[in-house]
Amino acid sequence: MAERFGGKYSPGSTAGRPSEAASGHPRNKSRAVWLFVAALPFAIKAFWQPAEGLVQHLAAFALLTLAAWLTREGLRAEHAYDSRKVARRPAFPRKLSATFLTGLGLGLGTVAGGGSPWVGAMLGLTGAALHFIAFGPDPMRDKGIQNIDPFQQDRVARVIVEGEAYLAAMKAAAERTGERQITQRVERFLEQARRLFRTVEEDPRDLTAARRYLGVYLMGARDAAIKFADIWAQNRNAEARADFEALLGDLESNFAAKTALLLADDKDDLDVEIGVLRDRLKREGLVHDD
């Protein structure tokens, strides 16, 4: 299906306005790709080896490939952690596990290639050290949740996982239309929805007020996107497109207004707490009226 050309300076382009979810690329993300490439020689060389060498080379390839995959997933988890003010540390240390597997894979590959176990151990330790230097450790501490009820935070996490599934389905439906402007328009709404996600994550008390937006409204938006993609695939109905774009505009403005309202409520709560504290200090004679 033909797709309209688009770029940084094309009409309606969102280039230069990175989404909150996509902005700030994971540290050294491109290096993770080369880890997959580095494992390939062991797979290629394996088929010119006797049975024992074949198994060893394939095992080294498997270990290095698993290490590369864990590194990539660890960088994604680290990016998600860094992009949020409130976050739990990753439950599984992916990058540290990848460091160990890299050393093990390189050591096994060296022995399989005819090197001594001592040389294999030294090369494995060197490779593990370089991996650690290049990618670092996983986040080890929770952040921003010291004064947040864990039960409330778990509730928010479940709702946001469900909301992200709705957003992913919307994006997939938009991409199915093959229309760049539709895809960009949907991505603008996804950015705004994720701002609301972050606001609720930072203060789980807002979940009750935002629950309908994170559930019912997103479910309806997903269903509308899927139905529009089906209609567009059949007859490219211009009226349906106009209605869908109008719906996206309404959703975006409503989500933006809700986010602003929650932020304003948080500031009002802070002003009340500051006022109460000042009154208490005045009663105790610690501060004086101007």
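**Aromatic side chains and their setting**

Modeller: Trp34 is found in helix 1; helices (H or I, at least four residues) and strands (E, at least two) are DSSP runs, numbered from the N terminus. This is a predicted model, in which local features need pLDDT of at least 70 and side-chain atom pairs count only at pLDDT 80 or more, while totals for chains, interfaces and linings use all residues. Residues are numbered from 1 along each chain as its sequence is written, and side-chain values use heavy atoms, with hydrogens and water left out.

With a relative accessible area of 61%, Trp34 is exposed (over 50%; buried is under 20%, and partly exposed lies in between, with a 1.4 Å probe and protein chains only). Trp34 belongs to a nonpolar surface patch of about 920 Å², together with Val33, Val37, Leu40, Ile44, Phe47, Trp48 and Leu58. Patches take residues with over 30% relative accessible area and no salt bridge, joining nonpolar side chains (Val, Leu, Ile, Met, Phe, Trp, Tyr) within 5 Å and like charges within 9 Å; a salt bridge is a side-chain nitrogen of Lys or Arg within 4 Å of a carboxyl oxygen of Asp or Glu. Helix 1, residues 29-46, gives the largest share of this patch, five residues. Of its 290 residues, 37% count as buried.

Turning to the rings that pair, the structure holds five aromatic pairs. The ring centres of Tyr213 and Tyr217 are 4.9 Å apart and the planes stand at 80°, so this pair is edge-to-face (rings of Phe, Tyr and Trp, its six-membered ring, pair with centres within 6.5 Å; planes under 30 degrees apart are stacked, over 60 edge-to-face, the rest tilted). Tyr213 and Tyr217 are separated by about one helical turn because they sit four residues apart in helix 7, residues 207-235. Tyr213 counts as buried at 15% relative accessibility, whereas Tyr217, at 33%, counts as partly exposed.

Phe228 and Trp232 make a tilted pair, 5.7 Å centre to centre with 35° between the planes. These two are also four residues apart in helix 7, so about one helical turn separates them. Phe228 is buried at a relative accessible area of 4%, and Trp232 is buried at 8%.

Glu252 lies in helix 8, residues 238-283, and is buried, with a relative accessible area of 16%.

As for the fold around these groups, the protein has eight helices and zero strands. Among its contacts with a separation of 6 or more, 76% join residues 24 or more positions apart.

On confidence, the mean pLDDT (the predictor's confidence in each residue, from 0 to 100) is 80, and 76% of the residues reach 70 or more. Residues 1-27 stay under 50, with 40 contacts beyond four places in sequence. Residues 266-272 stay under 50 as well, with three such contacts.

Notes: Contact means heavy atoms within 4.5 Å. Accessible areas come from the Shrake-Rupley method with a 1.4 Å probe; for residues, only the protein chains shown count as cover.
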